[in-house]
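Here are my notes on this model, point by point. Please read them with the structure open.

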Amino acid sequence: GRARQPFEQVRDFFYARHNHVELLDEAAERLYRDAGLSPRTLHDGLTAWLKARHGIAVLTDITTAPRRFDLAAQALTLSASLTPGQRVFQMATQLAFLELGEVIDDLADDPVLADAEARRLGRIGLANYFAGALVLPYADFLTAAEAERYDIERLGRRFGVGFETICHRLSTLQRAGARGVPFFFLRIDKAGNVTKRFNSTDFHLAEYGGACPRLEGHTCFRTPGLILPQVAEMPDRSQFFVFARTVDRPSFARHRQDVRLAVAMGCAMEHVGSIGYAEELNVRQPHAAEIGINCRVCPRANCDQRAHQAVVLSQPVDENRRGATRYAV
């Protein structure tokens with residue numbers, strides 16, 4: 001078969017762990033305590049920690065690179081376009097390499113990461129994981145998430161970070177004995193490409209191509225900033241509660257102003273009682289959107305949203321009949 005691309009190897013690496021890396025969660029909680037951090041003091045606290053422990057000054061520059069580290073100059077330069085929450089995340093990522101380099105190397109020394117490029121990408125993914133775990137320490141964050149009924153905007157205000165960062169962290173809360181709701185996480189661009197995916201559920205995410213157009217993750221580009229909930233049913237009749245919203249990106253130039261993406265989060269229906277966004281849905285008798293993994297592998301022959309002929313459909317096209325799409329039978 002075709003060799004796995006480096007980014008695919010990294011996705012397999014995290015999926016095998018249900019998107020949870022306990023070693024990094026524990027290290028992040030220790031550093032959070034040792035540095036005396038809190039959501040209100042995180043920015044200044046990490047700036048002081050980098051200077052005191054590593055002699056590194058945090059600088060700001062008008063640049064398109066969110067983070068640049070110069071070891072010789074002992075300087076970490078962050079883009080002026082970053083929000084305070086994004087600045088904190090980039091400082092925490094750099095701290096991961098500085099303080100947990102050996103731990104990250106050991107974790108990335110895994111047969112799933114079969115080549116040097118995959119291991120480099122894996123190290124970046126692990127450093128980003130640590131950053132999320134430091135900004136949103138496990139026990140504190142899980143307690144808050146349950147208290148807020150997984151209200152992402154309220155959690156964002158509570159911890160001082162953006163919508164996507166909260167979503168990403170929610171997809172990692174699978175500590176033995178203290179599990180949060182298992183979520184899948186999808187990030188989609190305006191063309192329908194899936195630009196990031198994480199999964200701690202049994203939901204089947206497409207490895208290639210876009211997500212199903214029936215997912216509200218696509219619709220929310222027409223309603224920026226609004227959270228759209230839905231119940232989605234897979235071809236095997238399994239159902240998931242999904243909610244989606246647009247997220248904005250820093251704009252570095254006037255000719256690239258609209259760089260928003262959409263984020264979709266989903267979980268099995270058994271968990272909807274924990275999630276505030278499901279309150280307005282009739283989850284006892286939900287109207288489920290019939291979705292598939294994506295068009296190329298979806299067996300729903302007469303879907304009026306079909307963009308591609310599915311490899312699993314073998315019935316010949318009838319030249320005397322036009323269905324909902326040119327692929328309909």
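1. A salt bridge here is a side-chain nitrogen of Lys or Arg within 4 Å of a carboxyl oxygen of Asp or Glu. The model is predicted: local features need pLDDT of at least 70, side-chain atom pairs count only at pLDDT 80 or more, and totals for chains, interfaces and linings use all residues. Residues are numbered from 1 along each chain as its sequence is written, and side-chain values use heavy atoms, with hydrogens and water left out.

2. The structure has 17 salt bridges. One of them joins the side chains of Glu148 and Arg154, at 2.6 Å from N to O. Glu148 is buried, at 15% relative accessible area. Arg154 is partly exposed, at 43%. (Buried means under 20% relative accessible area, exposed over 50%, partly exposed in between, with a 1.4 Å probe and protein chains only.)

3. Glu164 and Arg187 form another salt bridge, 2.8 Å from N to O. Glu164 sits in helix H9 (residues 163-170) and Arg187 in strand S6 (residues 184-188), so the pair ties together parts 23 residues apart in sequence. Glu164 is buried, at 12% relative accessible area. Arg187 is buried too, at 12%. Helices (H or I, at least four residues) and strands (E, at least two) are DSSP runs, numbered from the N terminus.

4. Which residue does Glu233 meet in a salt bridge? The partner is Arg237, at 3.2 Å from N to O. Glu233 is buried, at 11% relative accessibility, whereas Arg237 is exposed, at 63%. Elsewhere, salt bridges that share partners link Glu22, Glu29 and Arg175 into one network.

5. Asp236 lies in the loop between strand S8 (228-233) and strand S9 (239-247). Asp236 is exposed, with a relative accessible area of 51%. The side chain of Asp236 makes a 2.6 Å polar contact with that of Ser238.

6. Cys295 is buried, at 14% relative accessible area.

Methods
A polar contact is a pair of N or O atoms within 3.5 Å; within protein, one must be able to donate a hydrogen and the other to accept it, and residues adjacent in sequence count only if both atoms are side-chain atoms.
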